[in-house]
Amino acid sequence: MNAMTWYRAALTVGAATLLVGGPAWALPQPAPHAAAAAPSHSDLEVVRIDPDSAPPGGSTTIHGFVVNLGPETTNSPMTVTVTLPDGATAEEPYFPDTCEASSNGHRVRCVFPPGLKVDSSATALIPVGVSSGVAVGAVLRGGSVEVQSLDDGNGENNRQEFEIAVVETAPDS
């Protein structure tokens with residue numbers, strides 16, 4: 001026998017047990033664990049975009065717009081969280097389709113993969129319905145868009161508030 005290490009294993013097939021053997025290098029090896037990339041040095045910024053106005057019982061879309069100010073492409077996922085003001089509720093479908101709403105529909109979380117290049121943007125699109133009980137002329141305040149990522153070294157520009165103006169008829173009517 002040469003210096004090669006051999007293994008023996010019992011294999012049960014039906015009612016019979018077989019003894020099998022072979023070189024140790026032929027044993028199944030666990031998959032190598034992919035090392036997670038180190039966080040990049042990026043500055044993610046939420047840009048304020050107020051949604052179009054909507055009538056009571058109508059709808060509009062929130063744009064959770066995030067830009068990577070750099071200096072590097074992101075190596076980690078980022079989470080965009082849209083919090084809706086009272087009087088508004090999230091309505092599917094969301095973009096991207098990986099977004100998930102809270103049970104009460106007042107918060108939607110969207111996870112974006114790594115790889116957002118410098119000076120590039122990502123946008124979560126969240127359709128919302130305005131409650132039919134909201135008065136015309138009201139402004140729904142307290143909504144926000146926030147981004148979080150291990151790559152982001154500047155937390156001062158990660159959150160922006162938005163408002164939804166409630167009007168008599170939708171702008172496209």
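Colleague: Which residue in the turn of the hairpin formed by β7 and β8 has a positive phi?

Modeller: This is a predicted model, in which local features need pLDDT of at least 70, side-chain atom pairs count only at pLDDT 80 or more, and totals for chains, interfaces and linings use all residues. Residues are numbered from 1 along each chain as its sequence is written, and side-chain values use heavy atoms, with hydrogens and water left out. Strands (E, at least two residues) are DSSP runs, numbered from the N terminus, and two strands pair if DSSP finds at least two bridges between them. Five residues lie between β7 and β8, and the one in the turn with a positive phi, of about 75°, is glycine 105.

Colleague: Which residue in β8 is the bridge partner of valine 80?

Modeller: Strands β5 and β8 run antiparallel and are joined by six bridges. Strand β8 (residues 107-112) has an uncovered face with Arg107, Arg109 and Val111, and a covered face with Val108, Cys110 and Phe112. The bridge partner of valine 80 in β8 is cysteine 110.

Colleague: Is proline 85 buried or exposed?

Modeller: Proline 85 is placed in the loop between β5 (78-83) and β6 (88-90). Contact means heavy atoms within 4.5 Å; not counting residues up to four places away in sequence, proline 85 touches several residues, among them His106, Leu140, Phe162 and Ile164. Buried means under 20% relative accessible area, exposed over 50%, and partly exposed in between (1.4 Å probe, protein chains only). Proline 85 has a relative accessible area of 1%, and therefore it counts as buried.

Colleague: What separates the C-alpha atoms of proline 85 and glycine 143?

Modeller: Glycine 143 is also one of the residues that proline 85 touches. The two are 58 residues apart along the chain, yet the separation of their C-alpha atoms is 4.5 Å.

Colleague: What is omega for the peptide bond that joins phenylalanine 95 and proline 96?

Modeller: Most peptide bonds are trans. Proline 96 is found in the loop between β6 and β7. The bond that joins phenylalanine 95 to proline 96 is cis, and its omega is about 0°.

Colleague: What is the phi of aspartate 119?

Modeller: Most residues other than glycine have a negative phi. Aspartate 119 is found in the loop between β8 and β9 (121-130), and it is exposed, with a relative accessible area of 65%. Although aspartate 119 is not a glycine, its phi is positive, at about 65°.

Definitions and conventions:
Helix = DSSP H or I, 4+ residues; strand = E, 2+ residues; numbered from the N terminus.
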